[in-house]
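Here is a short briefing on one protein chain. Look at the structure first, then work through the points below.

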Amino acid sequence: MGPGPPAAGAAAPPRPLSLSARLSYAVGHFLNDLCASMWFTYLLLYLHSVRAYSSRGAGLLLLLGQVADGLCTPLVGYEADRAAGRCVRCGPRKAWHLVGTVCVLLSFPFIFSPCLGCGPATPEWAALLYYGPFIVIFQFGWAATQIAHLSLIPELATNDHEKVELTALRYAFTVVANITVYAAAWFLLHLQGSPNVEMARDASDQLGIQDVQVFQNLSLLVIGVGAVFSLLFHLGTREGRRPQAEEPDENRPLLAPTTARPLLLWRHWLREPAFYQVGLLYMSTRLIVNLSQTYIAMYLTYSLSLPKKFIATIPLVMYLSGFCSSFLMKPVNKCIGRNLTYFTGLLVILAFAAWVALADRLGMAVYAAAVLLGAGCATILVTSLAMTADLIGPHTHSGAFVYGAMSFSDKVANGLAVMAIQSLYPCSGPWSPALTPHGPCPVHMHGAQLRPGAAPCHPACHPCSSILAWA
């Protein structure tokens with residue numbers, strides 16, 4: 001039996017979102033993206049090369065943050081779904097977004113600032129305990145903002161292609177945020193760097209204790225700019241449930257409404273195979289993107305022995321490439337579909353990994369390799385988020401739980417992977433170019449950059465293949 005006649009007043013198709021509404025939504029994750037860029041790209045480098053903490057100590061703090069984020073994410077998603085209807089003025093998603101934003105603003109600057117009250121004789125474990133509470137508060141706020149923002153996509157979008165457009169715009173501003181961080185980092189490091197460009201291995205051109213102020217100023221800049229864009233999001237986005245327009249194509253929701261159950265609650269998701277398929281796909285995607293971002297700066301510093309300004313310019317090239325690629329997502333998805341688009345992104349990343357593995361010395365070709373990595377990561381990330389929105393389909397009342405569960409797996413997997421790398425292949429200590437001209441751990445960093453980029457591609461292929469067969 002087909003669906004009954006449309007209710008009165010609901011016969012007209014829903015109006016698409018205006019350009020201002022789409023842009024105001026897209027900037028709502030800008031603060032998170034700015035902080036995440038610093039967190040993943042510079043945290044290990046800052047703690048190890050600038051603050052002179054051990055590899056295991058730095059990895060332990062990152063693991064603490066990822067586990068805290070992973071635990072908070074599904075809880076925030078569950079509470080955000082439960083709060084539907086209680087926050088009448090701003091909506092439950094925007095209320096959680098505001099709570100998360102405040103937590104991030106109050107905690108993030110302390111992570112990239114010197115330990116208050118610590119001195120040269122302070123043991124490392126005491127300093128790590130100092131940073132722990134700030135990291136937990138920051139990760140709770142980050143999780144609340146992320147889940148609230150992601151769960152708005154199925155409610156705001158009127159059709160599948162609009163979901164892709166919102167996701168692409170969201171990722172475009174993610175790239176803009178990363179570009180902002182790396183451009184600011186380059187400028188601050190340029191002011192503090194050595195005037196002699198040829199002295200690539202001179203101690204003054206490498207990271208050290210003299211760069212503490214650089215990272216502190218960068219964190220304050222991130223907070224200030226992010227707060228402005230969060231305000232624009234809250235002023236320009238109206239949360240309200242919108243009817244979904246059905247489209248009979250390959251991009252239909254992965255969970256077809258085969259039962260008469262009006263609500264798909266969180267416990268019902270646990271019985272759906274597509275939930276685990278998309279979850280594995282999303283986790284593998286985040287492993288590729290986040291671990292590549294985490295180790296690219298250390299790879300440039302320790303394996304290639306490049307001056308410290310390259311830790312800003314190479315990631316900048318990566319995200320300029322990703323920024324351009326994000327605008328191709330909508331037409332490419334329309335042309336070849338979600339699954340082939342994802343496979344294309346995986347092939348680009350595998351090409352990058354093969355190039356870096358086989359090349360003896362990259363030289364200036366490191367910029368071309370960065371273009372490949374940036375384009376591939378942008379393609380698979382945007383597509384995986386669109387697949388998650390497809391999974392939710394019309395079940396927006398429990399969308400926050402789905403995003404929370406997906407993020408839980410990816411955060412914990414990322415933290416455990418980083419801790420394993422830091423423990424199995426520890427660096428010997430802060431780099432002194434005069435003592436170790438090739439870096440303290442060149443083999444470690446070379447392998448760490450290749451394995452995160454290529455290894456998760458294999459598990460990512462399996463759920464994507466099963467989704468292709470499902471569709």
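The sulfur of C103 lies 9.4 Å from the closest cysteine sulfur, which belongs to C72, and that is too far for a bond. A disulfide needs two cysteine sulfur atoms within 2.5 Å. Keep in mind that this is a predicted model.

**Overall make-up**

- The protein chain has 17 helices and zero strands.
- Of its 471 residues, 59% are buried.
- Among contacts in the chain with a separation of 6 or more, 85% link residues 24 or more positions apart.

**Cysteines**

- How many disulfides does a search of the whole structure find? The search finds one.
- That disulfide joins C115 to C118, with an S to S distance of 1.9 Å.
- C115 is buried, because its relative accessible area is 8% and the cut-off for buried is under 20%.
- C118 counts as partly exposed, at 31% relative accessibility.
- C103 is buried too, with a relative accessible area of 17%.
- C35 has 0% relative accessibility, so C35 counts as buried.

**The largest cavity**

- Rolling a probe the size of a water molecule over the atoms shows where empty space is left.
- Here the count comes to eight cavities of 30 Å³ or more.
- The largest cavity has a volume of about 300 Å³.
- Its lining is made of 25 residues. Nearest its centre lie T174, R286, V289, Q293 and L381.
- Several helices give two or more residues to this lining, including helix 2 (30-50), helix 5 (124-150), helix 7 (160-192) and helix 10 (273-303).
- Also on that list are helix 11 (310-326), helix 14 (366-392) and helix 15 (399-424).
- Which helix gives the largest share of the lining? Helix 10 does, with five residues.
- By class, the lining of the largest cavity has ten nonpolar, ten polar and five charged residues.

**The nonpolar core**

- The largest nonpolar core holds 126 residues.
- Inside this core, the residues with the most contacts are M38, Y42, F108, I111 and F112.
- Helix 10 supplies the largest share of this core, 16 residues.
- What does Y42 touch, leaving aside its neighbours within four places in sequence? Y42 is in contact with S37, F112, V181, Y182, A185, F215, L218, I311 and A312.

- Q139 is found in helix 5.
- Is Q139 buried or exposed? Q139 is buried, with a relative accessible area of 2%.
- Not counting residues up to four places away in sequence, Q139 touches W39, G65, Q66, A68 and D69.
- S326 lies in helix 11. S326 counts as buried, at 2% relative accessibility.
- S326 and Y171 are 155 residues apart along the chain. Their C-alpha atoms are separated by 6.9 Å.
- S326 is in contact with A168, Y171 and A172, leaving aside its neighbours within four places in sequence.

Definitions and conventions:
Residues are numbered from 1 along each chain as its sequence is written. This is a predicted model: local features need pLDDT of at least 70, side-chain atom pairs count only at pLDDT 80 or more; totals for chains, interfaces and linings use all residues. Side-chain values use heavy atoms; hydrogens and water are left out. Buried means under 20% relative accessible area, exposed over 50%, partly exposed in between (1.4 Å probe, protein chains only). On a 1 Å grid over the protein atoms alone, a cavity is a set of points where a 1.4 Å probe fits but cannot get out, and a pocket is an open set with protein on both sides within 12 Å along at least five of seven lines; lining residues have an atom within 4 Å of a point. Grid points are joined across faces, edges and corners, and a volume is the space filled by probe spheres set on the points. Helices (H or I, at least four residues) and strands (E, at least two) are DSSP runs, numbered from the N terminus. Ala, Val, Leu, Ile, Met, Phe, Trp, Tyr, Cys and Pro count as nonpolar, Asp, Glu, Lys and Arg as charged, and the others, Gly among them, as polar. A nonpolar core is a set of buried Ala, Val, Leu, Ile, Met, Phe, Trp, Tyr and Cys residues joined through side-chain atoms within 4.5 Å. Contact means heavy atoms within 4.5 Å.
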